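Please consult the sequence and the coordinates alongside the text.

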Amino acid sequence: MPLHAHKEAILVLEDGRTFRGESFGAEGETFGEAVFSTGMTGYQETLTDPSYHQQVVVMTAPHVGNTGVNDEDPESRRIWVAGYVVRDPARVSSNWRAKRTLDDDLRDQSVVGISGIDTRALTRHLRERGAMRVGISTIDTDPEVLLKKVLASAEMSGANLSDAVSTAEAYVVPAKGEKRFTVAALDLGIKEMTPERMAERGIEVHVLPATATLEDVKAVGADSGGPDGLFYSNGPGDPAATTGQVELLQAALAENIPYFGICFGNQLFGRALGFGTYKLKYGHRGINQPVMDLTTRKVEVTAHNHGFAVDAPIDEETKTPYGVATVSHVNLNDDCVEGLELKDAETGKLKGFSVQYHPEAAAGPHDAAYLFDRFISLMAKEV
Ligand SMILES: NC(=O)CC[C@H](N)C(=O)O
């Protein structure tokens, strides 16, 4: 199926750098934080990851859309990226699962994109200057006009976005096979593959809205004494702008509810333990990031999507009101904190852990899937 006829489009960064191309997906105007993803596969998973809410994603892979869009790979109910930037969109979808083209899907979901851009130059610019606000427009292609609007658009620092992407109602993902544990999972922007990975290990997952209280958490599995564990998902926004969920986690830790967190859930775990968070220059987004598990010294190749990180000392124990915290994983590219662990100060038993990357990684790699088994061991009190 050929691409639709496309209009002239313009992309303007907040520092004034301008790129011209043609519209891809919906026509119109959009704003967000410009970030780049180095994943060569998994564009459907990227587009539908709620953590990308209010971000304009630049794909470094030059040819995007080859396998079209199917109904199995979305990570949530819709596309969340605020805009999409590609070099060369595929003109045909070549996959037996494809139901529509990427161009059509972006149009149907009113996602404004731009193609024909020198994405290598744009990525190099973002690497050198850092992630920044951007606008894409097919409505007014005067860079001066668009720049003014970009400068008036929302910043990512300080943005609290979880409520906007979270589920309105709690729901249950049943355990597959024999049910072993019941977990309360706070949806801060959860990806569908996360409860799935738990369910296939015998966990009944009660997904709760981001606004859930300690009572809501404790009501999960109340007939068998409350939840076996608490999980915090990935999600968009600045972890420093969140207080309610940090306090909820502190209250849960004080009650010794075993904890597992992914990505935003790692950052909020860090904050609950008293660490700060900071904005990375341009973040980690892709599926080939090398991370070392500091306990085993084993290196995993992992999927990432984060622009913030936890500020915690590596190779040092930190005493907290909830136990002793340590950094469990680091990124080998930039030594950034990629995982945290909390142990009981007296018994040395694990109380909670979290990682900054994505062990559920629907588009792969699956090196980190062992972390879901670790959550099982934590709830079974084996570690
Ligand atoms: N995927 C995530 O959970 C991202 C967390 C946070 N919004 C960040 O950008 O760092």
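## Model and confidence

This is a predicted model, in which local features need pLDDT of at least 70, side-chain atom pairs count only at pLDDT 80 or more, and totals for chains, interfaces and linings use all residues. Residues are numbered from 1 along each chain as its sequence is written.

The protein chain has a mean pLDDT of 96, pLDDT being the predictor's confidence in each residue, from 0 to 100. Of its residues, 99% reach 70 or more. For the complex, the predictor gives an ipTM of 0.98 and a pTM of 0.97.

Helices (H or I, at least four residues) and strands (E, at least two) are DSSP runs, numbered from the N terminus.

An unreviewed UniProt entry lists Ser 51, Gly 235, Gly 237, Phe 264, Gln 267, Asn 305, Gly 307 and Phe 308 under "binding site". These positions span 258 residues in sequence, yet no two of their C-alpha atoms are more than 13.2 Å apart, so they gather at one spot. UniProt positions follow the numbering used here, feature names are shortened, and annotations may be inferred rather than shown by experiment.

## Two glycines of the site

Gly 237 lies in the loop between β13 (229-232) and α8 (244-254). Gly 237 counts as buried because it has 26 C-beta neighbours inside 10 Å (buried: 20 or more other C-beta atoms within 10 Å; exposed: 12 or fewer; partly exposed: in between; C-beta atoms placed from the backbone). Not counting residues up to four places away in sequence, Gly 237 touches Ala 159, Asn 160, Leu 161 and Ser 162; contact requires C-beta atoms, placed from the backbone, within 7 Å.

Gly 307, in strand β16, is also buried, with 22 other C-beta atoms within 10 Å.

## Strand β9

Five of the six residues of strand β9 (residues 132-137) are buried. Strand β3 (residues 29-37) pairs with β9 in the antiparallel sense over six bridges; strands pair if DSSP finds at least two bridges between them.

Key. Two residues are in contact if their C-beta atoms, placed from the backbone, lie within 7 Å.
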